[in-house]
Amino acid sequence: IGCLWSEHIKKIAEANDCSKTLNQIHAKYKQNGTNIKKIIGVFDTTFGKKTSETPLTPYDMKCFLEGFLRLAEEKDDVIFVLKLKNQLKYIKEDIREILPYYEKMKRNSKFYFLEDLHDPSMVNAICDLNISACFTSTLNEVIGYRKKAIYFDAANRFIGYYYDRFPNLVAHGYDELVKLVDYWLYEIK
């Protein structure tokens, strides 16, 4: 029957239930004089030091977050809505070395920072492109709603996996991320 959460995204978008969040995002960036043309949703995921417990390591997440900080410098007309999987207090307790990257994003005017209390479906509904850490369910949810989305394998650890069979779905490393962001935001309707 497909992904049930895709229908949830559709209902939010059609009912315009996301308008308050979208208005807050636009208001924040208009105050800064930013010319917003595109919104990218960024979805991290759980990560840990033991790959037996979580597929992504702190190094993977460091590369993931660095990629978006760099992309924010290069894209003048794009803002990023970062939807955290876990609250920062848990990251502070368990994996402190990643915390500075999240803190940089919180201070960067191009990021709208959401902790885990927000609904990922609303973020999916308001964004022009959604980028998820490998291989989280948020991508499947938004694709089921027929919106643009890609996985970002920032550390190049997941080459040759199942999702690589689909053209322009997985960005391995920063250069591919830039290429696919340009493709999905500016080349494809």
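I noted Ala149 of strand 5 as the bridge partner of Asn130.

This is a predicted model, in which local features need pLDDT of at least 70 and side-chain atom pairs count only at pLDDT 80 or more, while totals for chains, interfaces and linings use all residues. Residues are numbered from 1 along each chain as its sequence is written, and side-chain values use heavy atoms, with hydrogens and water left out.

I then traced the whole sheet, which is open, has six strands in the order 3-2-1-4-5-6 and shows parallel pairing. Strand 3 and strand 6 (170–172) stand at the edges with a single partner strand each, so one side of each has no neighbour in the sheet. Neighbouring strands are turned by 25° against each other on average, direction ignored; axes are lines fitted to C-alpha atoms, for helices over the stretch in contact, and angles run from 0 to 180 degrees between N-to-C directions.

Next I checked helix 5, which packs on the sheet, touching strand 2 and strand 3, and whose direction makes about 120° with that of strand 3; contact means heavy atoms within 4.5 Å. Helix 8 (residues 173–187) lies across strand 1 (38–43), strand 2, strand 4, strand 5 and strand 6, and runs at about 145° to strand 6.

Terms used
Pairing = 2+ DSSP bridges. Helix = DSSP H or I, 4+ residues; strand = E, 2+ residues; numbered from the N terminus.
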